Amino acid sequence: MSWLHIFILFPLLAAVIIPILFKKIPRVHTGWFVLVVPLAVFIYLLTFLPMVAGGETAMYSLPWIPRFDIHYSLYVDGLGLVFGLIISGIGALVVLYSIYYLSKHREALHNFYVYLMMFLTAMLGVVFSDNMIVLYLFWELTSISSFLLIAYWYARRQSRYGAQKAMLITIFGGFAMLAAIIMLSIMGETFSLQALMAQSDQLVQHELFLPAMILILIGAFTKSVQFPFHIWLPDAMEAPTPISAYLHSATMVKAGIYLVARFTPFFGGAMEWFWIVTGVGLLTLLWGSLLAVKQRDLKALLAFSTISQLGFIMSLLGMGSAALYYGGGDEAHLHSMAILAAVFHLVNHATFKGSLFMVVGIVDHETGTRDLRKLGGLMSIMPISFTLALIGSLSMAGLPPFNGFLSKELFFTGALNAAELDIFRMETYGALIPIVAWTASIFTFVYSIVLVFKTFFGKYQPERLEKEAHEAPWGMLISPLILTVLVVVIFFVPNVLAHYVLEPMMASILPPLAGEFDIHIEAWHGFEPELFMTIGVVVLGAILYATLRKWIVLYNNMPRALSITNAYNSGLKGMESISRKVTDWHMTGFSRDYLRYILVIFVVITGASLFLLDGFSIDTANAANINGFEIILSLVLVGSTAMVVITRSRLTAVIGVGVLGYIVALFFVVLRAPDLALTQLAIETVTVALFLVCFYHLPRLREKEEGDGINVFNLIIAGAVGLLVTLISLSANGHRLFPAISDFYEDAYELAGAGNMVNAILADFRAIDTLLEIFVLCIAGLAAYALIKLRLARREQDENQ
Amino acid sequence: MFETVLLVMLFLLAIAILGGLYRAIKGPSMADRVIALDLISIMMIALIGVVSIYMETDAFLEAILLLGILAFIGAVAFGKYIERGVIIERKRDD
C-alpha cells in the first residue's frame with residue numbers, strides 16, 4: 001500500500017468525521033476543516049510532477065480480489081496526474097469559495113462536504129485507476145455523488161428532476177461502459193489498462209473491437225455531455241454554484257474526455273474511432289454554441305458553453321487519433337498537434353470556466369438573480385467580478401492575451417490538418433471540419449460577449465433585483481482570482497506548462513510518439529490561415545452581436561417538440577405508460593389468466609424442447625396385458641371425469657369426484673397396493689365430505705356463469721396439457737435408464753423386521769419424508785383452525801362494535 | 001376353469017359399475033346420483049373380494065371392511081346434506 005492509495009481514499013476517510021465536526025464545532029464554518037483535504041492531495045500530487053515530466057510512469061498495485069484479477073492498482077502518468085492536479089487544485093479552490101458562498105447557519109453543510117469528499121475520491125480514483133473494474137467502481141461513485149450534489153436542495157422540484165435526469169443518463173452510460181469493460185477483458189484477458197494497451201495491435205481484428213469501442217464511447221459521451229446526451233447538464237445547474245463550477249465544468253464532465261484520451265492508444269488509428277469521436281465532438285461543439293446564445297439564465301448559458309467546449313476537446317481528440325494511424329513520422333507529428341490542442345484546451349477550460357462559474361455565483365449571490373434580462377450595469381458596482389468575468393469570457397471566446405487564444409489557434413491548426421487527411425475517406429467530408437469549427441467559434445464569441453455585456457454593461461436596474469448589488473467579500477473572490485491569474489499567466493508562459501503538463505499528457509495519449517514531441521507554443525506565428533480565421537471570428541462575431549436583437553427571434557421559431565429534452569421527457573412518459581399498459585394487460589388479477597400463462601408456457605417450453613430433442617418415443621415392449629374388466633373400469637374413470645367437467649351442478653361434480661376417487665382406489669387394488677387403496681378410500685371420503693361442508697357456505701352458481709359455456713381456448717390448453725403429460729409419461733415409461741432399486745427393499749424383513757414393505761419404507765428406510773408429511777398435516781390443521789377461529793373472533797368483535 | 005369364472009364375474013361387476021355411473025350421470029334427481037354412488041361402492045366391495053380370490057391374497061380384506069363403512073357414512077352424509085343443507089350441525093345451545 002503506497003501513499004498514493006491512501007491519498008486517493010483520504011477524502012472519503014475524512015468524510016467520516018465531517019458530520020462530527022459540523023455538529024461539535026458549529027462556530028467555525030466546516031469548510032475550513034475540509035479545505036485541508038484537497039490541498040493535501042494537491043501538494044502530494046505535485047511531488048509526482050518532476051518524475052512524470054521526465055517521461056517516467058509509476059504503477060502501484062494492491063490486491064483486492066486477486067482471484068478475479070481485480071486489484072486496487074494505480075497508474076501515474078501524464079494524463080492521470082494532470083487530471084488529478086486539476087481535480088484536487090480546483091477542488092481546494094471550490095471548497096474555499098463555498099466557505100463564503102454557503103451560509104453556515106442555513107445550509108446542511110455536513111451533507112454538502114460529505115458528498116463533495118465522496119466525489120473527490122471518486123474522481124481521483126477514476127483518473128488513477130489502472131484496473132478497469134476499479135475504474136468503473138469510481139466512475140459510478142462520481143455519478144452517485146453528482147446525483148446527491150445536484151439534489152442538494154432536495155426540497156426543490158427542479159433539483160430533484162435535474163438529479164434524476166443526470167442519474168439516469170450517466171448511469172446508462174456507465175452500464176454501457178461496464179459492458180465494454182467486460183468485452184475488453186474477454187479480448188485481452190486482463191482488467192489492467194496498461195496490459196490491454198500493450199496488446200492493442202493484436203486486438204484490432206478481434207470481433208469485439210468495434211462493439212467495445214462503441215460502448216466505451218457511449219459511456220464517455222454520456223458523462224461528457226456529448227450530443228445527444230448533453231441534456232442533463234443544463235438541468236444539473238440546479239446544484240449550488242460551487243458544485244456547478246467544480247463538477248459540471250472542471251472535473252466530472254471531463255471524466256468522459258479522460259476516458260476517450262485513455263483509450264485513444266487502444267482504439268485510435270481505427271477509422272470508426274476517428275469519425276465517431278470527431279463527428280460527435282464537432283456536432284456537440286456547434287449545437288452547444290448555438291444554444292448557448294439564446295439562454296437567458298447565466299448558469300444555463302455556461303452549461304451550454306461547457307457542452308460546446310467539451311465537444312471542442314472531444315473533436316480534437318478524434319482528429320489527433322489519426323496520428324496513431326501513421327504511428328510515427330512527419331504526418332503523425334502533424335496530427336499530434338490536435339492532441340496538443342485538446343490537452344491544452346482541457347487545462348485552459350478548467351481554469352476559465354471554473355472562474356466564470358464562480359463569478360456567476362457571485363453575481364447571483366450579490367444580486368439575487370441570474371436572469372440576464374434583469375441584470376445590467378454592474379460594471380462600476382462590482383469592478384473585480386467584472387474584470388474576472390471579462391478575462392474569463394475573452395479567454396473562452398479565444399482572444400489574446402488569454403490562454404483560450406492559444407488553444408483556439410491550435411484547434412484551427414488541427415482542424416485544417418484534419419481536413420487534408422487522405423485516409424479514412426476524408427476526401428469527401430474533410431472540408432466540413434474547419435467550416436463547422438469556425439462557425440462554432442463565431443457563436444462561442446457571441447455568447448461570451450453576451451455573458452459580459454448583458455451582465456455588466458447597459459443600465460443598472462435596481463428595482464428588478466432582489467438585493468442591493470454590491471461587491472462580493474474577498475474570500476469569495478480569491479478562488480476565481482487565482483484561476484484568472486492562471487488564465488493570463490498561461491498565455492505568457494505556455495511553454496513551462498507545455499513541458500511539465502502537456503508533453504506528459506500527450507505521451508500518455510500517443511505512446512508510440514512518446515519522447516519525440518517538440519512542443520513550442522507561440523502566440524504569434526506569422527500570417528497563417530489560423531490568424532485570419534481568428535480575425536474572421538472576431539469580426540463576424542461582433543457583427544452578429546450587434547444585430548443580436550434581429551436574429552435571436554429565430555430561436556423562438558425552433559419547434560419545441562423537436563428538442564432533445566422533450567424527446568427525453570416524452571420518452572420517459574412513454575416508457576412508463578407502455579410498461580403500465582403491458583402490466584395492466586397481462587396482470588389481470590384473475591387467477592384463471594395466470595393459470596393459462598403457466599400452462600401455456602409449460603406446454604410450449606416442455607413440448608417444444610421435447611419435440612426438438614426428439615424426446616417423444618413410445619416403446620410398448622415392456623407393457624403388461626390388459627383385462628376386459630380393466631377396460632371397463634377405465635371407461636368408468638373417463639365417464640366420471642366427463643361428468644365432473646360437463647355438469648352444471650356442484651353436487652353432481654362432487655359425486656363425480658367421489659366415483660373417480662373410488663375407481664382409483666379400485667385400480668390400486670387391481671395393481672396390488674392394499675395400503676394405498678385403504679388410504680385412498682378414506683381420504684376420498686373425507687374430501688368429499690369436506691366439499692359438502694364447503695358448499696353450504698358458497699353462493700348458488702349463477703345461471704350464466706362464464707365458465708359454463710365451453711371456452712375454446714381453455715379447451716385447447718387443457719387438451720394440450722393432457723396430451724403432453726400423456727406423451728411424456730409414455731415416453732418416460734419406455735426409457736428406463738437404470739433398473740429399479742426396489743430389490744433392496746424386498747429384504748425388508750431382514751433389514752427392518754417388517755413384513756409390510758410399504759410401511760417399512762415409510763417408517764424406517766425413508767422416515768424423514770414421513771416426518772415432514774406429518775408436519776405438513778399439522779400445519780394444515782393449525783392453519784385451518786386459525787383461519788376459522790380468527791375470522792370468527794373478528795366477526796364477533798365487529799358485531800360488538 | 002375357476003379363473004375364467006372369476007374373470008367373467010369381474011367383467012360383470014365392472015359392467016354393473018358402468019351402469020351405476022350411467023345412473024349417476026343421467027340421474028334426474030340428486031338422490032338418484034347418491035344412490036348410484038352407493039351402488040358403485042357396494043359393487044366395488046364385491047369386486048375387491050373377487051380380485052382378492054383371483055390374486056390369492058388376503059391383503060385387501062381391510063379395504064373391503066373400510067369401504068363398507070365409508071359407503072355407509074358417505075351415503076348418510078349426502079342424505080343429510082340433501083335434506084338439511086348441512087352435514088355437521090352446530091350445538092343447540094349456541
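This is a predicted model: local features need pLDDT of at least 70, side-chain atom pairs count only at pLDDT 80 or more; totals for chains, interfaces and linings use all residues.

Guide: Over all chains the structure holds eight salt bridges, and one of them is formed by the side chains of Asp297(A) and Arg370(A), with an N to O distance of 3.0 Å. This pair links distant parts of the chain, since Asp297(A) lies in the loop between α14 and α15 (298-320) and Arg370(A) in the loop between α17 (329-367) and α18 (383-397), 73 residues apart. Asp297(A) counts as partly exposed because its relative accessibility is 25%. Arg370(A) also forms a salt bridge with Asp364(A), where the closest N and O atoms are 3.5 Å apart; Asp364(A), at 16% relative accessibility, counts as buried.

A further salt bridge joins Arg373(A) to Asp371(A), with the closest N and O atoms 3.1 Å apart. In this pair Arg373(A) is partly exposed, having a relative accessible area of 46%, whereas Asp371(A) is buried, at 18%. Through salt bridges that share partners, Asp297(A), Asp364(A) and Arg370(A) are joined into one network.

Positive charge also gathers on the surface, in a patch made up of Lys294(A), Arg296(A), Lys454(A) and Arg549(A). Of these residues, Lys294(A) belongs to helix α14 (residues 271-294) and counts as partly exposed, because its relative accessibility is 32%. Lys165(A), in helix α7 (residues 157-188), is by contrast buried, with a relative accessible area of 0%. Leaving aside residues up to four places away in sequence, Lys165(A) touches Ile231(A), Trp232(A), Asp235(A), Thr565(A) and Tyr568(A).

Conventions: Residues are numbered from 1 along each chain as its sequence is written. Chains are lettered from A and ligands numbered from 1 in the order in which they are written. Side-chain values use heavy atoms; hydrogens and water are left out. Patches are made of residues with over 30% relative accessible area and no salt bridge: like charges are joined within 9 Å, nonpolar side chains (Val, Leu, Ile, Met, Phe, Trp, Tyr) within 5 Å. Accessible areas come from the Shrake-Rupley method with a 1.4 Å probe; for residues, only the protein chains shown count as cover. A salt bridge is a side-chain nitrogen of Lys or Arg within 4 Å of a carboxyl oxygen of Asp or Glu. Lys and Arg count as positive and Asp and Glu as negative; His and the chain ends are not counted. The place of a charge is taken as NZ of Lys, CZ of Arg, CG of Asp or CD of Glu. Helices (H or I, at least four residues) and strands (E, at least two) are DSSP runs, numbered from the N terminus. Buried means under 20% relative accessible area, exposed over 50%, partly exposed in between (1.4 Å probe, protein chains only). Contact means heavy atoms within 4.5 Å.
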